[in-house]
Amino acid sequence: DEVTRYHTVTHLLLQSLKNNLSHDIEQRGSNITKERIRFDFNFDRKLTDEEKKKIEDEVNEKISNHLDVKREEMSLDEARKKGASGIFEEKYGDVVSVYTIGKYSKEICTGPHVENTKDIKGKFKIIKEESSSAGVRRIKAVLEK
């Protein structure tokens, strides 16, 4: 369903932000509905139109690359050693789920995900980018039919 697709797209978005803006970017929160993604991340300025386009293009490229989405269970330490990104560590139990999307993204997550990025229907589009709080930006994005 849409929520599952949006969960997977959120991982692609985070990796694209890291690649195009700064490797220090981390998720600060997200809210996913069947209509859209709302994604907060640490960054200290407004994104340029060119940056937004690069981020969208990279996400859409990964969707079209038909990357497998693999889930593995491991300890939090093991996940960290493997370079998985993740936040809200206090919420994680002893065993975490790590979702790997091709060779592109590796993230600790509890959400539902597609099995392959080819299952993400539509084109990823950032519809709004704004300040959420000091040092935190918020992206709203959709999958256009």
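This is a predicted model: local features need pLDDT of at least 70, side-chain atom pairs count only at pLDDT 80 or more; totals for chains, interfaces and linings use all residues.
## The E4–E5 pairing

Strand E4 (residues 95-101) pairs with E5 in the antiparallel sense, over four bridges. Strands here are DSSP runs labelled E, at least two residues long, while helices are H or I runs of at least four residues, and both are numbered from the N terminus. To count as a pair, two strands need at least two bridges between them by DSSP.

Residues are numbered from 1 along each chain as its sequence is written, and side-chain values use heavy atoms, with hydrogens and water left out.

## The sheet around it

Zooming out, E4 and E5 belong to an open sheet of three strands, ordered E3-E4-E5, with antiparallel pairing. Strand E3 (69-75) and strand E5 (105-108) are the edge strands; each has a single partner strand, so one side of each has no neighbour in the sheet. On average, neighbouring strands in this sheet are turned by 25 degrees against each other, direction ignored. That angle comes from axes, which are lines fitted to C-alpha atoms (for helices, over the stretch in contact), and angles run from 0 to 180 degrees between N-to-C directions.

Phe43 sits in the loop between strand E2 (37-42) and helix H2 (49-64). Is Phe43 buried or exposed? With 12% relative accessibility, Phe43 counts as buried; the cut-offs are under 20% relative accessible area for buried, over 50% for exposed and in between for partly exposed (1.4 Å probe, protein chains only).

Setting aside neighbours within four places in sequence, Phe43 is in contact with Leu21, Ser22, Ile25, Gly135, Val136 and Arg137 (contact means heavy atoms within 4.5 Å). Thr100 is 57 residues from Phe43 in sequence and 24 Å away in space, C-alpha to C-alpha.

Gln27 is in strand E1 (residues 27-32) and counts as buried at 11% relative accessibility. The side chains of Gln27 and Ser30 are joined by a polar contact of 3.4 Å. Such a contact is a pair of N or O atoms within 3.5 Å; within protein, one must be able to donate a hydrogen and the other to accept it, and residues adjacent in sequence count only if both atoms are side-chain atoms.

His66 lies in the loop between H2 and E3 and is partly exposed, with a relative accessible area of 46%. The phi of His66 is near 50 degrees, a positive value in a residue other than glycine.
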